[in-house]
Amino acid sequence: MIAERPVREELVARVVDRGRTMAPGDPLDPGTVLGSLVDEEALQRVLGHVDRARDDGVRVRLGGERVAPVAGGSYLGPTVLDGVTEELAVAREEVFGPVLSVLEADGPEEAVRLANATEYGLAAAVWTRDVGRAGRIARALRAGTVWVNTYDAADESTPFGGMKASGAGRDRSLHALDAYTHLKTTWISLT
(Lines give C-alpha, C1' and ligand atoms only; values in the text may rest on other atoms or scores of the structure.)
Protein backbone atom coordinates (compact mmCIF):
# COMPACT_ATOMS: atom_id res chain seq x y z
CA MET A 1 0.00 0.00 0.00
CA ILE A 2 1.36 3.39 -0.96
CA ALA A 3 -0.18 6.16 1.11
CA GLU A 4 0.26 9.87 0.68
CA ARG A 5 1.95 11.44 3.68
CA PRO A 6 -1.01 13.57 4.93
CA VAL A 7 -3.34 10.54 5.25
CA ARG A 8 -0.85 7.75 5.94
CA GLU A 9 -1.12 7.56 9.73
CA GLU A 10 -4.92 7.59 9.84
CA LEU A 11 -5.12 5.11 6.96
CA VAL A 12 -2.65 2.70 8.58
CA ALA A 13 -4.54 2.89 11.89
CA ARG A 14 -7.79 2.02 10.09
CA VAL A 15 -6.16 -0.85 8.21
CA VAL A 16 -4.73 -2.22 11.47
CA ASP A 17 -8.15 -2.00 13.12
CA ARG A 18 -9.73 -3.84 10.20
CA GLY A 19 -6.95 -6.43 10.22
CA ARG A 20 -7.70 -7.24 13.85
CA THR A 21 -11.16 -8.46 12.75
CA MET A 22 -9.70 -10.88 10.19
CA ALA A 23 -8.33 -13.64 12.38
CA PRO A 24 -7.44 -16.82 10.51
CA GLY A 25 -9.64 -19.82 11.11
CA ASP A 26 -10.91 -23.16 9.90
CA PRO A 27 -11.17 -22.92 6.10
CA LEU A 28 -14.27 -25.14 6.21
CA ASP A 29 -16.10 -22.62 8.41
CA PRO A 30 -18.18 -20.29 6.19
CA GLY A 31 -17.36 -17.39 8.54
CA THR A 32 -13.62 -17.70 7.99
CA VAL A 33 -12.11 -14.96 5.85
CA LEU A 34 -8.46 -16.00 6.16
CA GLY A 35 -7.23 -19.58 6.04
CA SER A 36 -3.89 -21.33 6.23
CA LEU A 37 -0.96 -20.81 3.91
CA VAL A 38 -0.46 -23.75 1.58
CA ASP A 39 2.18 -25.47 3.75
CA GLU A 40 4.90 -24.98 6.37
CA GLU A 41 7.50 -24.04 3.76
CA ALA A 42 5.29 -21.21 2.50
CA LEU A 43 4.70 -19.98 6.05
CA GLN A 44 8.43 -19.97 6.79
CA ARG A 45 9.11 -18.05 3.56
CA VAL A 46 6.56 -15.37 4.51
CA LEU A 47 7.87 -15.19 8.09
CA GLY A 48 11.36 -14.73 6.58
CA HIS A 49 10.10 -11.66 4.72
CA VAL A 50 8.65 -10.27 7.94
CA ASP A 51 11.82 -10.98 9.93
CA ARG A 52 14.04 -9.33 7.29
CA ALA A 53 11.76 -6.28 7.24
CA ARG A 54 11.88 -6.09 11.03
CA ASP A 55 15.70 -6.34 10.91
CA ASP A 56 15.70 -3.46 8.39
CA GLY A 57 13.85 -1.24 10.87
CA VAL A 58 10.31 -1.68 9.59
CA ARG A 59 7.64 -1.39 12.28
CA VAL A 60 5.29 -4.36 12.58
CA ARG A 61 1.97 -2.68 13.35
CA LEU A 62 -0.05 -5.89 13.37
CA GLY A 63 0.68 -9.61 13.34
CA GLY A 64 3.93 -10.93 11.99
CA GLU A 65 3.71 -14.13 13.99
CA ARG A 66 2.43 -17.63 13.51
CA VAL A 67 -1.00 -18.32 14.98
CA ALA A 68 -2.68 -21.69 15.54
CA PRO A 69 -6.46 -21.43 15.33
CA VAL A 70 -6.71 -24.95 13.91
CA ALA A 71 -4.26 -27.78 14.53
CA GLY A 72 -2.15 -28.84 11.57
CA GLY A 73 -2.34 -25.59 9.57
CA SER A 74 0.32 -23.09 8.64
CA TYR A 75 -1.38 -19.91 9.80
CA LEU A 76 -0.15 -16.33 9.87
CA GLY A 77 -2.34 -13.57 11.21
CA PRO A 78 -2.91 -10.44 9.14
CA THR A 79 0.33 -8.50 9.17
CA VAL A 80 0.89 -4.79 8.55
CA LEU A 81 4.44 -3.55 8.02
CA ASP A 82 4.80 0.22 8.34
CA GLY A 83 7.76 2.28 7.21
CA VAL A 84 8.70 0.07 4.27
CA THR A 85 10.97 1.70 1.71
CA GLU A 86 11.23 0.84 -1.95
CA GLU A 87 14.63 -0.87 -1.79
CA LEU A 88 13.51 -3.48 0.76
CA ALA A 89 12.75 -7.00 -0.43
CA VAL A 90 9.28 -6.93 1.13
CA ALA A 91 8.44 -4.03 -1.21
CA ARG A 92 9.97 -5.60 -4.32
CA GLU A 93 9.12 -9.30 -4.07
CA GLU A 94 5.86 -11.21 -4.03
CA VAL A 95 5.26 -12.28 -0.45
CA PHE A 96 2.26 -14.61 -1.05
CA GLY A 97 0.89 -14.24 2.46
CA PRO A 98 -1.39 -11.95 4.47
CA VAL A 99 1.23 -9.19 4.68
CA LEU A 100 0.63 -5.55 3.78
CA SER A 101 3.70 -3.37 3.28
CA VAL A 102 3.05 0.34 3.75
CA LEU A 103 5.16 2.81 1.78
CA GLU A 104 4.80 6.57 1.99
CA ALA A 105 4.64 9.03 -0.91
CA ASP A 106 4.70 12.82 -1.00
CA GLY A 107 2.12 12.95 -3.79
CA PRO A 108 0.51 11.06 -6.65
CA GLU A 109 3.54 11.26 -8.94
CA GLU A 110 5.78 9.63 -6.34
CA ALA A 111 3.09 7.05 -5.56
CA VAL A 112 2.91 6.06 -9.24
CA ARG A 113 6.70 5.92 -9.46
CA LEU A 114 6.84 3.62 -6.43
CA ALA A 115 4.04 1.41 -7.74
CA ASN A 116 5.67 1.10 -11.16
CA ALA A 117 9.12 0.40 -9.69
CA THR A 118 8.24 -3.23 -9.05
CA GLU A 119 8.74 -5.85 -11.73
CA TYR A 120 5.16 -7.01 -11.18
CA GLY A 121 1.97 -5.47 -12.51
CA LEU A 122 -1.03 -7.69 -11.93
CA ALA A 123 -3.44 -5.26 -10.28
CA ALA A 124 -3.64 -1.95 -8.46
CA ALA A 125 -6.24 0.16 -6.69
CA VAL A 126 -6.56 3.91 -6.41
CA TRP A 127 -8.58 5.52 -3.62
CA THR A 128 -9.50 9.17 -4.09
CA ARG A 129 -12.50 11.49 -4.19
CA ASP A 130 -11.13 13.18 -7.33
CA VAL A 131 -12.25 11.22 -10.41
CA GLY A 132 -9.93 13.17 -12.70
CA ARG A 133 -6.97 12.34 -10.48
CA ALA A 134 -8.08 8.68 -10.41
CA GLY A 135 -8.11 8.58 -14.21
CA ARG A 136 -4.65 10.14 -14.52
CA ILE A 137 -3.18 7.75 -11.96
CA ALA A 138 -4.90 4.70 -13.49
CA ARG A 139 -3.47 5.59 -16.92
CA ALA A 140 0.03 5.97 -15.45
CA LEU A 141 0.02 2.68 -13.50
CA ARG A 142 1.57 -0.29 -15.29
CA ALA A 143 -0.92 -2.89 -14.09
CA GLY A 144 -3.32 -5.13 -15.95
CA THR A 145 -6.28 -4.09 -13.80
CA VAL A 146 -6.77 -0.85 -11.90
CA TRP A 147 -9.71 -0.52 -9.54
CA VAL A 148 -10.86 2.92 -8.41
CA ASN A 149 -12.44 3.21 -4.96
CA THR A 150 -13.04 -0.54 -4.89
CA TYR A 151 -10.99 -3.70 -4.97
CA ASP A 152 -11.38 -7.16 -6.48
CA ALA A 153 -14.48 -6.33 -8.53
CA ALA A 154 -14.74 -8.79 -11.41
CA ASP A 155 -16.97 -10.05 -14.16
CA GLU A 156 -16.56 -12.89 -16.62
CA SER A 157 -16.94 -10.46 -19.52
CA THR A 158 -13.82 -8.47 -18.64
CA PRO A 159 -10.25 -9.71 -19.11
CA PHE A 160 -7.99 -10.19 -16.10
CA GLY A 161 -4.22 -10.40 -16.30
CA GLY A 162 -1.11 -8.41 -15.61
CA MET A 163 1.81 -6.59 -17.14
CA LYS A 164 5.57 -6.97 -16.78
CA ALA A 165 6.48 -10.18 -14.86
CA SER A 166 2.78 -10.65 -14.10
CA GLY A 167 1.87 -10.50 -17.78
CA ALA A 168 1.28 -14.12 -18.72
CA GLY A 169 -1.91 -13.60 -20.74
CA ARG A 170 -5.48 -12.87 -19.76
CA ASP A 171 -8.13 -14.96 -18.04
CA ARG A 172 -11.86 -14.50 -18.49
CA SER A 173 -13.64 -12.85 -21.43
CA LEU A 174 -13.28 -13.41 -25.15
CA HIS A 175 -9.69 -12.16 -24.88
CA ALA A 176 -8.83 -15.33 -22.93
CA LEU A 177 -10.00 -17.50 -25.82
CA ASP A 178 -7.47 -15.77 -28.05
CA ALA A 179 -4.76 -16.33 -25.45
CA TYR A 180 -5.56 -20.04 -25.13
CA THR A 181 -5.79 -20.79 -28.84
CA HIS A 182 -3.56 -20.36 -31.84
CA LEU A 183 -5.34 -19.31 -34.98
CA LYS A 184 -4.15 -20.84 -38.19
CA THR A 185 -5.02 -19.87 -41.71
CA THR A 186 -4.85 -22.48 -44.48
CA TRP A 187 -5.29 -21.47 -48.09
CA ILE A 188 -6.19 -24.22 -50.58
CA SER A 189 -6.48 -23.71 -54.29
CA LEU A 190 -9.12 -25.93 -55.89
CA THR A 191 -8.22 -24.95 -59.42
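This is a short walk through the structure, one selection at a time.

Before you start, note that this is a predicted model, in which local features need pLDDT of at least 70, side-chain atom pairs count only at pLDDT 80 or more, and totals for chains, interfaces and linings use all residues. Residues are numbered from 1 along each chain as its sequence is written, and side-chain values use heavy atoms, with hydrogens and water left out.

**Stop 1: helix 2**

Select residues 40–55, which form helix 2. Helices here are DSSP runs of H or I with at least four residues, strands are runs of E with at least two, and both are numbered from the N terminus. The expected span of a helix is 1.5 Å times one less than its number of residues. For the 16 residues of helix 2 that gives 22 Å, in agreement with the 22 Å between its end C-alpha atoms.

Now look at the two ends. Asp-39 caps the N-terminal end, with a side-chain oxygen 3.2 Å from the backbone nitrogen of Glu-41. After the helix comes Gly-57, with a positive phi near 95 degrees.

Next, colour the buried residues of helix 2: Ala-42, Leu-43, Val-46, Leu-47, Gly-48, His-49, Val-50 and Ala-53. Buried means under 20% relative accessible area, exposed means over 50%, and partly exposed is in between (1.4 Å probe, protein chains only). What do these buried residues pack against? Their partners are strand 2 (59–62), strand 3 (66–67), strand 4 (75–76), strand 5, helix 3 (89–92) and strand 6.

**Stop 2: the largest nonpolar core**

A nonpolar core is a set of buried Ala, Val, Leu, Ile, Met, Phe, Trp, Tyr and Cys residues joined through side-chain atoms within 4.5 Å. The largest one has 19 residues, and the members touching the most others are Val-46, Val-58, Leu-76, Leu-81, Val-84, Val-90 and Val-99. Two or more residues each come from helix 2, strand 6 (99–105) and helix 4 (108–116). Helix 2 gives the largest share, 6 residues.

Click on Val-90. Leaving out neighbours within four places in sequence, Val-90 is in contact (heavy atoms within 4.5 Å) with His-49, Ala-53, Leu-81, Val-84, Val-95 and Ser-101. There is also a second, separate core of 7 residues, including Ala-124 and Val-126.

**Stop 3**

Ala-53 sits in helix 2 and is buried, at 3% relative accessible area. Beyond its neighbours within four places in sequence, Ala-53 contacts Val-58, Leu-81 and Val-90. From there, go to Asp-82, which is 29 residues away in sequence and 9.6 Å away in space, C-alpha to C-alpha.

Asp-82 belongs to strand 5 (residues 79–82). Is Asp-82 buried or exposed? With 7% relative accessibility, Asp-82 counts as buried. Show the side chains and find the polar contact between Asp-82 and Arg-61, at 2.8 Å. A polar contact is a pair of N or O atoms within 3.5 Å; within protein, one must be able to donate a hydrogen and the other to accept it, and residues adjacent in sequence count only if both atoms are side-chain atoms.

**Stop 4: the loop between strand 9 and strand 10**

Finish at Asn-149, in the loop between strand 9 (145–148) and strand 10. Most residues other than glycine have a negative phi. Asn-149 is not a glycine, yet its phi is positive, about 55 degrees. Asn-149 is partly exposed, at 39% relative accessibility.

Asp-152 lies in the loop between strand 9 and strand 10. Asp-152 has a positive phi of about 70 degrees, although it is not a glycine, and is exposed at 56% relative accessible area.
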